[in-house]
Amino acid sequence: MKTWFFGSGMFAALCFREIAAQIRFEKVITLPPRPAGRGNRLRPTPLEEEALLLGYQPIHSAKPSSEPALLEELENAPPDLALVIDFSSLIREPLLNGPRLGCFNIHPSLLPEYRGAAPIQRALMDGKTTTGVTVFRLVRSMDAGPILARSLTQVGPETTAGELTEKLAREGSQIFLKSLKCLCGGYAEYIAQDNQAATKAPKLDKLEERIDWNKTGEGVHNLVRALNPSPGAYCLHQGKRLKIWKTLPVEGTVAHPGRVVRLEEDSPVVACSQGAILLLEVQPEGRNPASGKDWARGSRIRQGDVLE
């Protein structure tokens with residue numbers, strides 16, 4: 001089968017690693033390298049890095065639906081199928097329906113829930129105990145196409161976005177490979193999405209990265225794990241950023257939100273509007289991550305100190 005792969009982000013890279021072990025992609029298309037980091041050096045997408053490791057030479061394109069070279073091949077020797085994952089660029093006609101079997105997507109949610117750019121993070125922020133992954137055919141509307149297969153996944157109370165991304169990429173890749181057999185055999189069945197039940201998962205805003213201690217302890221904990229490993233939730237301590245990487249919801253006492261109410265085995269417990277959180281892993285600005293205990297000792301954190 002002649003198959004093209006479109007992707008950019010980490011979820012795409014993880015899916016590509018799984019699926020490329022079973023099938024050979026004729027073309028791999030990703031976004032061009034972008035400036036990143038303090039030096040603004042050009043950095044390839046996670047998908048490109050993974051593809052290079054597996055012996056592919058990706059094609060760079062920010063607008064593949066109007067890329068002359070791709071359109072020419074689409075006209076003269078179209079692929080049987082295109083797989084589009086975590087690409088960050090809409091697929092439009094004539095590419096959308098150019099492949100013989102169509103364009104498909106692996107989306108890390110149980111569609112129609114969490115349509116959009118950040119389904120994993122939004123599900124964790126909402127404290128979901130179950131989520132899943134969906135294989136569907138692309139249509140013009142975002143994440144609204146008919147469903148080919150779905151798989152439900154349990155979410156633990158400590159699960160981070162990084163851990164859930166890896167798990168859903170493995171599961172999504174496996175159900176895609178099973179669905180591929182149905183597509184090739186001509187007996188694939190689709191289920192239309194219920195648009196009335198759709199919910200959105202918009203891209204994360206930088207303002208959401210800062211911890212609001214007026215949330216409940218569970219709410220703060222969910223934000224922390226939703227933003228781990230990137231970009232990380234943070235607060236301010238003595239005017240400098242303090243990233244919070246790992247927490248545990250615990251019982252609190254009535255106190256101003258953000259105040260350290262006690263130390264448990266030398267790790268700080270910070271008050272929220274309801275309950276509190278135990279800081280297990282943090283990262284002071286300009287330094288490496290450290291346990292909450294080591295940070296508290298080094299910074300001489302005491303009961304009554306305030307994090308903003």
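How much space lies in the second largest pocket? About 180 Å³ lies there, in a predicted model where local features need pLDDT of at least 70, side-chain atom pairs count only at pLDDT 80 or more, and totals for chains, interfaces and linings use all residues. Residues are numbered from 1 along each chain as its sequence is written, and side-chain values use heavy atoms, leaving out hydrogens and water.

A pocket here is an open set of points on a 1 Å grid where a 1.4 Å probe fits, with protein on both sides within 12 Å along at least five of seven lines; lining residues have an atom within 4 Å of a point. The volume is the space filled by probe spheres set on the points.

Let's walk around this pocket. Its lining is made of H237, Q238, K240, R241, L242, P284, E285, R287, W295 and S299. Strand β11 (240–250) gives the most, with 3 residues, and α7 (292–299) also supplies at least two. By class, the lining has 3 nonpolar, 3 polar and 4 charged residues.

Now turn to a pair of helices. Helix α1 (residues 10–20) packs against helix α5 (residues 161–185) at an angle of about 45°, with the axes 9 Å apart. On the α1 side, the contact (heavy atoms within 4.5 Å) is made by F11, L14, C15, E18 and I19, while α5 brings residues including T165, L168, R170 and F176. This contact has 8 nonpolar, 3 polar and 3 charged residues.

Definitions and conventions:
Helices (H or I, at least four residues) and strands (E, at least two) are DSSP runs, numbered from the N terminus. Ala, Val, Leu, Ile, Met, Phe, Trp, Tyr, Cys and Pro count as nonpolar, Asp, Glu, Lys and Arg as charged, and the others, Gly among them, as polar. Axes are lines fitted to C-alpha atoms, for helices over the stretch in contact, and angles run from 0 to 180 degrees between N-to-C directions.
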